[in-house]
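Hello,

Here is the structure you will be working on. Please open it, then read my notes below.

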Amino acid sequence: MAREEIDRVIDRLEVIFREAPVEITDKVVRFGRATTKDILAELLSKVEIDGGRFGDFSTNETALLNAFTKLDKSLSGRDYSNIISSYLLNVEDVTANQIKFAKVAKDEDVAKLLKSPSGAQVSIIDKTLFDFKQVGIKLYFIEPVKKELFRAMQLGASIEETRERLFSIFADDKILHRWAGQTANDGLRALSGQINNEIGQEFGFEKYIYVGGLVEDSRPLCREIVKTYNGELTPKELNKVLSKYRGAGYLYPNTNAGNFAVNRGGYGCLHSCYLV
């Protein structure tokens, strides 16, 4: 098949990889802001306040614990569930475009092959969802908000200072923002790589296409593939490159040619890999 047709499908996938993490990040941050605003407003209506500051901690402790419970429950509410659903729609788009990729790159109809996700695909999806539902979202949203509210109540901090410190959690340069984008990026690119890897193993392939440009802090492995091989290399050439960088701290453990389409240049890598 003409390379132009392959590139068009790759371009559609790359649009998903660029836009979906931004969309998910925006939704997560807006959810966090709105939830925190509501919880703080409710808390302020129920606690003792003295001169613009939180009053006696022992008097306000029950209200604080109730706020913590509401914060925890927010992750199982409709608003956050809608964010998870929007991520799963991106998962469906990736799968649909990989079916198109197989049709133009391999001249094969893989709809039946991809009718149900493989165990490896499910593992990638579940890992990402677990991070969004249990790990990262609690570590970078729930716990920081709880910590700040507890600090404010215990110290009798001013309401205004507390509000400022709480909402600084959602600033663009804070870890919640980076985590949400990287988690969505890694999950979608890894899933795409896994599907493409399964297609390649089923129908054969001759080379790897590594898609994406370079930035100032691009990793050495990515730089070598893009600059030395112009983003296209055979399995033998990829093994040569990987042997050079094996053990590099930025790579996932045990990265090899067999899983490179999934692992790529490691955590947060903005490149994609396709087997053609």
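Phe203 touches Lys106, Glu108, Val110 and Leu113, leaving aside residues up to four places away in sequence. Contact here means heavy atoms within 4.5 Å. The C-alpha atoms of Phe203 and Val110 are 9.8 Å apart, and 93 residues separate them along the chain. Phe203 belongs to helix H7 (residues 175-203). Helices are DSSP runs of H or I with at least four residues, numbered from the N terminus. Phe203 has a relative accessible area of 32%, so it is partly exposed (between buried, under 20%, and exposed, over 50%, with a 1.4 Å probe and protein chains only).

Two notes on the source. This is a predicted model: local features need pLDDT of at least 70, side-chain atom pairs need 80 or more, and totals for chains, interfaces and linings use all residues. Residues are numbered from 1 along each chain, and side-chain values use heavy atoms, without hydrogens and water.

Now the pockets. A pocket is an open set of points on a 1 Å grid over the protein atoms alone, where a 1.4 Å probe fits, with protein on both sides within 12 Å along at least five of seven lines; lining residues have an atom within 4 Å of a point. The largest pocket is lined by 24 residues, and Gln182, Asn185, Gly268, Cys269 and Leu270 lie nearest its centre. Helix H1 (3-44) and H7 are the elements that each give two or more residues to this lining. H7 gives the most, with 6 residues.

Best wishes
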